[in-house]
Amino acid sequence: MKELFSIKSFPAKGLHKRDVEDSTVSEALQTIYPKNKSSNLCMIWNGVALDLEMHDEVADIYWDIIKMLYDMYEQPLSSTRVHWGSSVFMAEWIIKPYNDTLYISAYWTALKHKKHLLPELNTPNDTIHIKREVFIAYWLQLLRKIHIDLKQQGYNESNLEDFYHIDTIFKYYHSHFK
């Protein structure tokens with residue numbers, strides 16, 4: 001059985017030092033993670049592996065991740081729309097909760113360097129289902145990695161205006177993931 005969704009991050013080698021000019025998490029991610037051809041992150045969507053760079057794609061979609069997790073916490077019974085937009089991929093996800101399961105429909109519109117995968121990503125069975133707790137845990141794990149890497153390089157709430165969102169998300173979901 002193919003894996004429907006997961007996020008796997010890999011240790012980044014040679015993190016760069018803090019830039020005092022950075023004021024947002026996205027800017028800081030572009031600073032600390034080396035820009036290279038090797039992937040720091042692999043997202044599996046409906047059995048298709050998408051390699052993402054922390055420097056580029058994750059920096060581009062950081063706020064989308066935060067907004068998605070806020071929306072899912074504040075309105076747990078409502079559908080959530082996520083518009084992913086990065087330099088490598090564009091997609092819209094519609095996340096519909098039902099009991100403890102999420103049904104996620106995706107509409108992929110762009111995939112740089114892997115355009116040949118668009119038909120595979122946009123199959124008639126483009127809706128996946130995943131346990132809510134598992135889906136959220138993948139994203140929290142990614143945010144934890146970002147949080148640790150940023151702190152190790154000297155970033156915190158006092159020098160990044162949106163850093164506090166990570167801690168807020170952790171507090172929101174803490175009772176669900178003990």
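Helix α4 (residues 132-152) lies across β1 and β2 and runs at about 15 degrees to β1. Helices (H or I, at least four residues) and strands (E, at least two) are DSSP runs, numbered from the N terminus; contact means heavy atoms within 4.5 Å. Axes are lines fitted to C-alpha atoms, for helices over the stretch in contact, with angles from 0 to 180 degrees between N-to-C directions. The model is predicted, with local features requiring pLDDT of at least 70 and side-chain atom pairs pLDDT 80 or more, while totals for chains, interfaces and linings use all residues. Residues are numbered from 1 along each chain as its sequence is written, and side-chain values use heavy atoms, without hydrogens and water.

Three strands form an open sheet in the order β1-β2-β3, with antiparallel pairing (pairing requires at least two DSSP bridges between two strands). Strands β1 (5-9) and β3 (48-52) are at the edges and have a single partner strand each, so one side of each lacks a neighbour in the sheet. From one strand to the next the twist averages 15 degrees. Five bridges join β2 (residues 41-45) to β3 in the antiparallel sense; L41 has L52 of β3 as its bridge partner.

One cavity of 30 Å³ or more is counted, where a cavity is a set of points on a 1 Å grid over the protein atoms alone at which a 1.4 Å probe fits but cannot get out. The largest cavity has a volume of about 30 Å³, a volume being the space filled by probe spheres set on the points, which are joined across faces, edges and corners. Its lining (residues with an atom within 4 Å of a point) consists of M72, Q75, P76, S78, T80, I95, P97, L102 and R132. Five of the lining residues are nonpolar, three polar and one charged, with Ala, Val, Leu, Ile, Met, Phe, Trp, Tyr, Cys and Pro taken as nonpolar, Asp, Glu, Lys and Arg as charged, and the others, Gly among them, as polar.

Terms used
1 Å grid on protein atoms, 1.4 Å probe; cavity = no way out; pocket = protein on both sides within 12 Å on 5 of 7 lines; lining within 4 Å.
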